[in-house]
Structures are given as structure tokens and as C-alpha cells.
Amino acid sequence: AWRALCPSPSGILGFDCDAPVLHSTELLDRRQQHFARPQKNYYSKPPQIERGWKEYLFDVEGRAYLDMVNNVTILGHGHPRLAAAVGRQWSLLNTNSRFHYASVAEFSERLAALAPDGLDTVFLVNSGSEANDLALRLAWAFSGERNVVSLLEAYHGWTVASDAVSTSIADNPRALETRPDWVHAVVAPNTYRGQFRGSDTTDHYVRSVATKLRELEDGAQGLAGFICEPVYGNAGGIPLPKGYLDAVYAMVRQRGGVCIADEVQVGYGRLGDYFWGFEEQGVVPDIITIAKGMGNGHPLGAVITRREIADALEKEGYFFSSSGGSPVSSVVGHTVLDLIEEEKLQDNARVVGGYLKTRLQALEQRFPLVGAVHGMGLYLGVEFVRDRNTLEPAKEETAAICDRLLELGVIMQPTGDHLNVLKIKPPLCLSRESADFFADMLTRVLDEGW
Ligand code: PLP
């Protein structure tokens, strides 16, 4: 089926990409024998994907799937311009990032220009976990302190430091027991199901941070920084309470800490109205971390900060990543930004995302299981609950809905701390027709049983 829908990349790359593939079951057996198990996959029988084109994936049986969860391939799959740019750079040069070459200078300059004034220094790494680890090291070096405040039910990565500040129970069941003593978690400011509901939520959540900071002060302990996603991605793209970050950033800075915005999921135009998530709160962080979409699937991450913060790390020790910001990575990053601009993908996220949200909100009226529709742009969340008063998470139902959606040709997975949220994060090229297809299929599944 995909052969009819998408052009063969053989023409672009100059060699045969259309060779026959191994059959799914044989490959799955081999994967189970040799590929480490903890890699998450919610499907018992995942489809074996062979090819992607725009917002669609195609399996070896020729079935097409609408890819509604791929937060990584922001441009869409199989973009010929990206393939050509990468192929060209590979054939010219790819090397240890220790050397001097043009693409890294151009790309760093471009990232700095996208960040707010003053955040003009860029570190290039290979993933979001690395970016957050580095951000924490920068906070430690700059402040000369160790303690970091993070939010409960957050996810920031799997490397040692980023994992320590990830207290999402779903992602890391042992998070609370194994948290090192420099991590101080505060309640998640989730306006839908958080600890404080109703009016004055901002004040309550801000007070919980103030209390934590006072505890540190009372114990004569300093503060290195505060880390969070500026839009609550892990819960399905829920905006933080109005004014929350403004108040929290002021308190953190007053105590000498730096404010880290994890934009790995929500940044880079996905929110439609905003390029960066922190714009939604009207604040400017001291350190921004990015990854995922910035490489469209190629391993690429970055930290953007002020020169004085970057310099503090140099005084303390060193930063070196062999392939972070390599010539190929830099060209990937540059080309992705060209295409986001040329194809007006942020605008598309706003328009198609807004349209899709309206269609999903109609489901909230019809089906009691749909507790809420969260998010903005093409970062949306549909949260399923058994009871709209108690908000009991409909975990099993969410898993069954995802399985059925797969049968109908939609890739979607249960996420959130209670595994009861459909996080909708398709490529930003999602068409209105594809948005309709998704909404139609979800309606059909809900009509069938809930
Ligand atoms: N931060 C957030 C908010 C994420 O969602 C993720 C990954 O899911 C990460 C950091 C870690 O990024 P990576 O998987 O590229 O290491």
C-alpha cells in the first residue's frame, strides 16, 4: 500500500531501498532474543514498520497507520529534503565533534537566535536525557550548590541525574525510594487531577514550592535550581496554573538557583501558538533543554543558556560529547528548522491542532469516559476516567481503546502517570483529513463499547 502512497527514496538516494524485508514474526523473535527488554512498547504484538511517509507509517504487510504519538518526527516521515541534506553531509564529512567545521557554528547561531535575548550559548548533545543531565550539572556549577527542586509525576530522562529528577511513578516505579537526597520533589501542578482543585490553584501550588524552599533554608541548605516542563507534558499537555512559573522562578532566583525549562516534548512549535512552552507562562528560563523533534528522529539534543552559566561549567571541569553537534547532526538540525519555517509547521500545529481539539471536545459531551481534553496545538491529551467526580483513572479501558485503534489503523499508546491518557503528538504536518480520520476512529471505538 505504501508504494502507491509515497515516492520511493531510491530515486533520491541513488541506491535500492526497495529490497524485500524479513517477515514480522521472525524478526520479532530475534528482537526478543537480542534486544534489551526494558525498551517500552505497550503492544503485545507491535506492527513491524517498514516505511514512513508524512504522518503515516506502513508495516511489512502493507497496512497503513496514522502515527499520532510520534513526538520525534516533527516534520513527518521520509522527508526527501532532509534525506538529501543528510546524505550530502555524510558523503562530505562526519567526524568527531572536537574539530572545527561550518555546520556547528551555523546551527548554534541559529538556535541562539531562536532563544530569548541573553540565552546565547549552545551545547549540542545527542538526546533529551543528556541535555537535562548537562542542565543539572550547569546549575550545580553556577550556583555552587547541589539541591534541585523538581515536580512529582515528571519525566526528564533515563540518565543518572535526569532520572533522579524524574519522579513519574509510571515511568519509574521505584522513583520515590531511590531518589537521591539532592532531589526535592513538590506536588505536580496538574490543574485537572492535582492535589489542589478549584479556585486559587496557583497560590496553593506556589505555596508548596515556597514551603519546600523554606525547609531547605531552615536546614541551612542552598539551592542549585528548579526543573520542570513549562507545559505539563507528562499529564497530556496541561498548561500550568496561570502565573505559576512567574512566582516560582522569582523565588528560585532569589535563593540563587537557576530555572531549567525542559522543552524536550513541548517546545519547537508543537504548541502552535508558541514556539517555546515557557512563552505560555510569560517567563524566560535560565537554561532551555531540547531534543526529540529538533532532529526529526536523528539523535540530537541541546542546552541553551547564558554565557556566564556555560562558563561556570568550564571552570569546574569539562564538557565533551564525541558526536553531539557532529557535522551530520548540525546539518540535520539546520534543515529541520528550515523546513519548520518553510512548511509553516507551527501554524499547521495551531490550525489543525485547534480543529482536532474541537472534535475531541465533542466526545467529552457524548461519552462520560472522556474526563477531559487537554492541551494546545498538536500536543493534546484525552484523559479517560471511570467517574468524573472521583477522577478514577480508566487504565484498562485506555489500553483496550489503544489496541482497538491499532486494528483500525491508528498508532496511539496509553500514557500519563496513571496510564489513562492518550497523548496526541503527531508529526506537525498532520493534515485536516488525518485529524478527521483520528477523531472518526476514536468516536467509532467509543461508540462500540463505552
Ligand atoms: N524530557 C522529557 C519531557 C521527555 O519527554 C523525554 C523523553 O521522553 C526526555 C526528557 C528524555 O529524552 P530522550 O529520550 O531523548 O533521552
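Reader: In which loop does E153 lie?

Author: Residues are numbered from 1 along each chain as its sequence is written. The model is predicted, and local features need pLDDT of at least 70, side-chain atom pairs count only at pLDDT 80 or more, and totals for chains, interfaces and linings use all residues. Helices (H or I, at least four residues) and strands (E, at least two) are DSSP runs, numbered from the N terminus. E153 lies in the loop between β5 (148-151) and α7 (160-164).

Reader: Is E153 buried or exposed?

Author: A residue is buried if 20 or more other C-beta atoms lie within 10 Å of its own, exposed if 12 or fewer, and partly exposed in between, with C-beta atoms placed from the backbone. E153 has 24 other C-beta atoms within 10 Å, and is therefore buried.

Reader: Which residues is E153 in contact with, leaving aside its neighbours within four places in sequence?

Author: Contact requires that the C-beta atoms of two residues, placed from the backbone, lie within 7 Å. E153 is in contact with T167, S168, A188, N234, A235 and D417, apart from those sequence neighbours.

Reader: Where does N296 lie, and what is its phi?

Author: N296 is in the loop between β11 (287-290) and β12 (301-305). Its phi is positive, about 50°, although N296 is not a glycine. N296 is buried, because 24 other C-beta atoms lie within 10 Å.

Reader: What of K344?

Author: K344, not a glycine, also has a positive phi of about 50°. K344 lies in the loop between α13 and α14 (345-366). With 14 other C-beta atoms within 10 Å, K344 is therefore partly exposed.

Reader: At what angle do α5 and α13 pack?

Author: Axes are lines fitted to C-alpha atoms, for helices over the stretch in contact, and angles run from 0 to 180 degrees between N-to-C directions. Helix α5 (residues 102-114) and helix α13 (residues 327-342) pack at about 40°, with axes 8 Å apart. Angles under 35 degrees count as roughly parallel, over 145 as roughly antiparallel, 65 to 115 as roughly perpendicular and the rest as oblique. The two helices, α5 and α13, are therefore oblique to each other. S103, V104, E106, F107 and R110 in α5 meet P327, S330, V331, G333, H334 and L337 in α13.

Reader: How many residues has the largest nonpolar core?

Author: A nonpolar core is a set of buried Ala, Val, Leu, Ile, Met, Phe, Trp, Tyr and Cys residues joined through C-beta atoms within 7 Å. The largest has 122 residues, and V303 is among those with the most contacts inside it.
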